[in-house]
Amino acid sequence: MGCGTSSRKAAMGKTEKTIKAAILIQRWYRRYKARLEARRKATWCIFQSIEYAGEQDQFKLYNFFNSMVEQFSQDEQQNALLKVFGENQQRSLVATMSPFDLRKEEETLRLADPSKIPVDPRYDGPVLQFPINKTQIKNLITAFKANKVIHEHYLLDLLHHARTYLMKLPNINRVSTLLTKQVTICGDIHGQLNDLFVIIHKNGLPSDDNPYIFNGDFVDRGNNSIEVITLLLTFLLDPSCKVYLNRGNHEDHAMNIRYGFTKEVMRKYKEHAAKVIAMFNEIFCSLPLATIVDQKVLVVHGGISEHVDLRLIETIDRKKYVSILRPPAFEAGLGNPKQAMKMKDLEEWQQIVDILWSDPRAANGMVFNTFRGGGCYFGPDVTQRVLAKHSLQLLIRSHQCKEDGYEYTHGGKVLTVFSASNYYEEESNKGAYVKLMRQKSTDDMPICHVVQYIAQTKPGRRFTITERTSYLESSAVSSVKERIIANRSALTAKFAEFDPAGTGIISSKQWFKAMESVMGIDVPWRILKPKLVSSEGQNVLYETTFQDKRLGYKNEEQIGEPSVTESLYRNKEILETIFRAFDKDNSGHLSMAEFSEACQLLVKHANITLTQNQIRDIATSLDLNKDGMIDFNEFLEAFRIVDTETQEMREKLNSFEIDELKRDKKKSIFSRCFGGRWSNSLY
């Protein structure tokens, strides 16, 4: 009997140890998952902060161009000024259409006539003939899967037909599911062709009984924007398909210059790139602005504001808004642009900005969208009022990348759907589309069935959750390190403020404060600190912030004065956007005439006198390979020349070599033009 008791005690002791071990493992696993989740959220925050910072820069850059335009008060001066920009840049800067603009539009359509572009007999890519049918669409998909590029003849023909079709559509599409019983809504695709293929594979091709709404941002960022928008337009023109397209904030000429679509067109179509770009701009500004399903669901790309009025939006001449980044600037024949601006034009522009650029927020009310630089943040109360005002029940929007591909907010009244998976990095997020299912009772809210997916971009096994988190975290940290490189001088100066004795050590709190104030991105610096800087207890060795990330530039002892290499690194995207804005024929290089006109515009903005001979001398010095053209790398070299000359002039000033300085005045003008006021205007 005693032996039996001992056996039971031993068994109970073993069970107790097993339970304790299980509890310990469970506790460890929960902590492990919590740490992974914290790292994942931090990574997501970094990606979104950097993305929105880029959009802020784009608004600032476009403001810079417009501020130059507005300095010219007389009509003839404005016309001379606008000649500096290409035809599409002109229309995006001058939002109000005039007879001059209409003539330009007619000229664009004539020059982009596909019948004038022959097709090489050896061409083996996709062929389009009108009317479009399902067989052609399937052949087009097969060709795109084989990485074939559609010939510019067929592409321009498609764009002409699509423009004619879109011009007949209202600003707000009206969709009924009375017969089809459902409609599929897709969010941002951003040139990611594999995502579009996944949607078609899972949900089927568009048809009369399988309608689609594609909710904007078809292009930019991805590598196959041409193929994505081509497929969508063929869907639109196929009489057997029911497809509705909404405009997004990236269906915008100014955004395309910066975020890749313009560059992709130039790469794929070279000689005829200007014609293709001009026709795509015609397409983008002809796209409808919103869709209403069954008089219950509003589908817009961005969101709403308390000022949104669908009745007003229905009356807007959407065609005149080639770019949404700026309000109508001026009308032909009028003087000061701000005085000439009609309140009606401004109100219309604000309506479009709000529905293309806005984001929801948890708090009530409405505030300016500081992260993006345009649109607003709207709260649940705004959603409730706007939906009630128009007798609607649900808002479906896109515009924001979500980790799961979708997100409900505002008590289920707002659904965000984002269809570009792997948006930031491989497996960073799922894509999704929503099937809106009609209920038997017409009074009931439609049922939203969300389908998620991740498009396979590379063959091989999928990452584990740990591998995925580590990979994304590494990519996000690398992005932050790049921005640290670009802001080294400003950071060094800020660290020096906290360390007047020059010990090389500041507190962690001071380091956080310096990073937040200089970097301008809202990221979790406390979590990132171990990956960015070395610590000693509660202090940091702030010079290690730049460890293994040093730039090889001169004059490092001049704290707070960034080198030209650093400045170029920080502003390369902005400089490339400026370069492409001045590249009127989208050839990828500036002719001497284009460069001369650009210089005249910039020196006028900086209030500097520069003769034609001086401009010609500058252009000749920049043309390093002496081909009579200035490519982007040579354009960047201008800023390196400026940096060298600025340093030489500083040395001469310090040694009072006034006579020599006067002789170098001609060289310094270019430095002054591209320095001070120019850079201040951008930021």
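1. The axes of helix 8 and helix 10 (residues 261-269) come within 9 Å of each other and cross at roughly 95°. Helix 8 is therefore roughly perpendicular to helix 10, a term used for angles of 65 to 115 degrees. Axes are lines fitted to C-alpha atoms, for helices over the stretch in contact, and angles run from 0 to 180 degrees between N-to-C directions. Helices (H or I, at least four residues) and strands (E, at least two) are DSSP runs, numbered from the N terminus.

2. This is a predicted model, in which local features need pLDDT of at least 70 and side-chain atom pairs count only at pLDDT 80 or more, while totals for chains, interfaces and linings use all residues. Residues are numbered from 1 along each chain as its sequence is written, and side-chain values use heavy atoms, with hydrogens and water left out.

3. From helix 8, the residues S225, I226 and E227 make the contact (heavy atoms within 4.5 Å) with F261, E264, V265, K268 and Y269 of helix 10.

4. Helix 7 (residues 193-203) is mostly covered, with eight of its eleven residues buried, that is, under 20% relative accessible area with a 1.4 Å probe, protein chains only. The buried residues are L193, D195, L196, F197, V198, I199, I200 and N203. Among the elements that cover them are helix 5 (134-145), helix 8 (225-237) and strand 13 (431-437). After helix 7 comes G204, which has a positive phi, near 90°.

5. The largest nonpolar core has 56 residues, and L196, F214 and F280 are among those with the most contacts inside it. Such a core is a set of buried Ala, Val, Leu, Ile, Met, Phe, Trp, Tyr and Cys residues joined through side-chain atoms within 4.5 Å. Helix 8 supplies the largest share of this core, nine residues. Apart from it lies another core, of 31 residues, including V308 and L392.

6. Six strands form an open sheet in the order 1-5-6-10-12-11, with mixed pairing; two strands pair if DSSP finds at least two bridges between them. Strand 1 (172-175) and strand 11 (406-409) stand at the edges with a single partner strand each, so one side of each has no neighbour in the sheet. From one strand to the next, the twist averages 20°.

7. Strand 6 (residues 297-299) and strand 10 (residues 394-397) run parallel and are joined by three bridges. V297 has L394 of strand 10 as its bridge partner.

Key:
Buried < 20%, exposed > 50% of the residue type's maximum accessible area, 1.4 Å probe, protein only. Parallel < 35°, antiparallel > 145°, perpendicular 65-115°, else oblique.
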